[in-house]
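Subject: Structure for your review

Dear colleague,

Please find the structure below, handed over for your own analysis. My findings follow it.

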Amino acid sequence: MRNSRWLVATYIAIIFIGTLVALPNILSPAMLARLPSWLPHTQVSLGLDLRGGSHLVLEVDRADLINERLQSLMQDSRRVLRDGQIETSAIRRTGDSITVTLRDPASRDQAATQLRTLANPISLATAIGQSDLNVATPRDNTITLNYTEAGLNQYIANAVEQSLEIIRQRVDQVGVAEPTIQRVGSDRVLVQLPGEQDPSRLRQLLGSTAKMSFHLLGAQGEPGVTMIPDEQGQQYPVLDRVELSGDHLTDARAAFEQQTQRPIVSFRFDSTGAARFAQITQANVGKPFAIVLDNKVLSAPVIQTPITGGQGQISGNFSVQEANTLGALLRAGSLPAKLTVIEERTVGADLGSDAIEMGIFTGVIGFALVVAFIFFLYGSWGILANFALAINVILTFAGLTLIGSTLTLPGIAGIVLGIGLAVDANVLINERIKEETRKGKSAFAAIDAGFARAYSTIVDSNVTALIATVLLFWFGSGPVRGFAVTMGLGIMISMFTAVSVVRVLMVAITARKKLKTINIKPLLPINLVPDGTNIAFMKGRFIGIGISVILSIASVALFFKPGLNYGVDFQGGIQMEVVTQQEADLAKFRTGLNELGLGDVALQEFGANNRILVRVERQEGGEQAQTAAVEKLKAEVTKIDATAKVERTEVVGPKVSGELAIAGFLSLTLAALAMTIYIWARFEWPFAVGAMITLILDVTKTVGFFAITGLDFNLTAIAAVLTLVGYSVNDKVVVYDRMRENMRLYKKMPLRDLIDKSINETLARSLYTSATAFLSLLPMAIWGGSAVSSFAIPMVFGIAVAALSSVFIAAPILLFLGDWRKRHGKAMIADETDETETGKGVIPARP
């Protein structure tokens, strides 16, 4: 029991470096600027829910991209056949294919050869070397062309890559600081813009394809003429032939018309575009000339005189902001395909700052409660555990800084819960050392045995929690991932702080003070769980399981009626958080918003009597309909109460909500299965079955809690349920581990007595750990606000349920399974050569 100097030096170096890395996070910008250049200056980035801003997910419109590609393919087919002097009767689009009808069937092979020159090899790793085009000859005079699935995937991937750069240019044009623009999956782009942003302007800026073209006008009904509307709905007979495309623009700026002082957009062509523009205007003086942007006529002025300078202007009923946005779109260039905003979340800066204050406040209070409780339980030795907790928090922030993670409000909740779970290791170690001391062991022997016997339990319990954390990160998104990262880091770091650092300190103190025994006792002469407690828990097994089953059945019934209060994450639609200066008049708001004709509008008061949550169903008509609905809602809210302010807006499409629901429930199922497999591998199948049945009962009761309370069942709620699954199994693993140990020691003890003994021996640990996790989250459940209420409140409920289920459900199920195997002639014994005399279902102990 000596501390290696190299080991101690390594630990000190890790803690020192971690402290330096974490230090910038508590410094103001002015203090940070005064730090020496050789010190770390990087701070953890704050999520949009803490600093305010907008989060949008855009998806490449597959149908629009296919349409564009087929239009180009049809034109290219005409060109190559014309160059090859092959006559055709028709070239037309049929669904997602191009059909070429030849005049002379004898030219079919020659035509097919010419058309195959349009094919391109695929560079995607999954289909490298394949062709992007299928050329088939179903009949003698017919050839069909269609893009392969791999070809379309390549075009979508290319479109996303091009869109990233164009979006970045557009965002730069409007001067947004520190934007986050990145690819998500195969066909999506994530854009996060901090600060106050107008969501409708962002949708226009990011969702507009910005394909501009110049056309002459024809006569309605003529071939090659399409009726295209302007912003006011007036229709124009526009010739399909593009006289000049917007690709030749070199600049576009908002300006003001000299005579009327109305906002306009002035533009300039490159040399090729200027020459072509001059030719068009010279040949068509006196004729109208339409400027079309994304299938809408911006303006259709009559050409008064030839324009040879390569400059022009677009006039219309623009506001200054609209003119600036249009100029930014044209300068950045057109997107290769239409992008659809499928998810939008906007948080006001005021709400973000309030969230920071409340997150810090509840986190500090939770930490203080845990520290006070540990100090009360273990007196002066509890100071070591609290020191380890403080190091855990510091190193967690250092880890977040080093990996460049983004801290969200659920992330703060993850740190707080991580503190509660980190105490678990300290409690296990201290209780084990107390137990070894009661057996008469010396100080060093008690420390050695306490750490050794607690270690496997700590590993098993932490692995089960990490399984839930990994699945949360894998299937979650945004703030849920932030929660998973902080909690996962906290759990892994606690293995270092609670086990390694505390061990070194305990050995050092014991050696320095030359202690003969380790006397770990509470601060006050109050023992919450007296030594030698011997409660016959298994006598109440039928009552415990009966009550649990009844509550779970009732919870299942509540799931169907009244059902869960599904958030916008899972059902799609629009959700707004509105705050007023005085008490909100719900009846007045309900009447006014229902008159907008947006379908079912649900209102509820939450948090305070001046806060309202407004939910509106998904609107028909695509993304433009969602934008229009949001603007209507905001205008009506202000009209009803001039002091009202929209602090948070969320718009989620049906595709995203469906994906989130599937991912959430899949992660929950996989977590339960993964933990069951782990317990089966580490213990025996009855343990795994007992844990699985208990999990089902715990989860159903938690779902019933959501149904009764009406809390939002959203992604954060799934995170809470998944965390509860990990915590519940964590709690049961400790009891299981003690049972496994006792099976080796008391091979002839009846299973009922052995289970009671194991529960009594771990009772202090179970109660203390549950109490610390409960205390860490209680302030957040009370004061955390709407952003974490769906997590913190059910977690507080679930911790109590998990603690009770470990004793009154998991253990009795294990006893029933042992008795069942006994009755079926498969008595579970410690080994083949040492059977029990009673044979009352003793479970084998795997090494």
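Helix H12 has a kink of about 30°, centred on Tyr-455; the bend at a residue is the angle between axes fitted to the seven residues ending there and the seven starting there.

The model is predicted: local features need pLDDT of at least 70 and side-chain atom pairs count only at pLDDT 80 or more, while totals for chains, interfaces and linings use all residues. Residues are numbered from 1 along each chain as its sequence is written, and side-chain values use heavy atoms, with hydrogens and water left out.

Overall composition

The protein chain contains 22 helices and 25 strands; helices (H or I, at least four residues) and strands (E, at least two) are DSSP runs, numbered from the N terminus. Its C-alpha trace spans about 110 × 65 × 60 Å along the principal axes. Of the 847 residues, 53% are buried (under 20% relative accessible area, with exposed over 50% and partly exposed in between, for a 1.4 Å probe and protein chains only).

Sheets

Four strands make up an open antiparallel sheet in the order E3-E4-E6-E5, where two strands pair if DSSP finds at least two bridges between them. Strand E3 (88-94) and strand E5 (133-139) each have a single partner strand, so one side of each lacks a neighbour in the sheet. Neighbouring strands here are turned by 20° against each other on average, direction ignored. Helix H4 (residues 62-83) packs on this sheet, touching E3, E4, E5 and E6, and its direction makes about 170° with that of E3. For such angles, axes are lines fitted to C-alpha atoms, for helices over the stretch in contact, and values run from 0 to 180 degrees between N-to-C directions; contact means heavy atoms within 4.5 Å. E5 is joined to strand E6 (residues 142-147) by five bridges in an antiparallel arrangement, with Arg-139 opposite Thr-142.

A further open antiparallel sheet has three strands in the order E13-E14-E17. Its edge strands are E13 (249-256) and E17 (311-315), and the twist averages 25° from one strand to the next. Helix H9 (residues 320-332) packs on this sheet and touches E13, E14 and E17, its direction making about 175° with that of E13.

Nonpolar cores

The largest nonpolar core has 137 residues; Met-506, Ile-679, Tyr-736, Met-739, Ile-755 and Phe-791 have the most contacts inside it. A nonpolar core is a set of buried Ala, Val, Leu, Ile, Met, Phe, Trp, Tyr and Cys residues joined through side-chain atoms within 4.5 Å. Helix H20 (residues 715-745) contributes the largest share of this core, 17 residues. Another core, of 71 residues, lies apart from it and includes Met-212, Leu-249, Ile-280 and Ile-314.

A buried phenylalanine

Phe-589 is found in helix H16 (residues 586-594) and is buried, with a relative accessible area of 2%. Leaving aside residues up to four places away in sequence, Phe-589 touches Thr-580, Ala-584, Leu-603, Ile-612, Val-637, Ile-640, Asp-641 and Ala-644. Phe-589 and Ile-640 are 51 residues apart in sequence and 6.6 Å apart in space, C-alpha to C-alpha.

Yours sincerely
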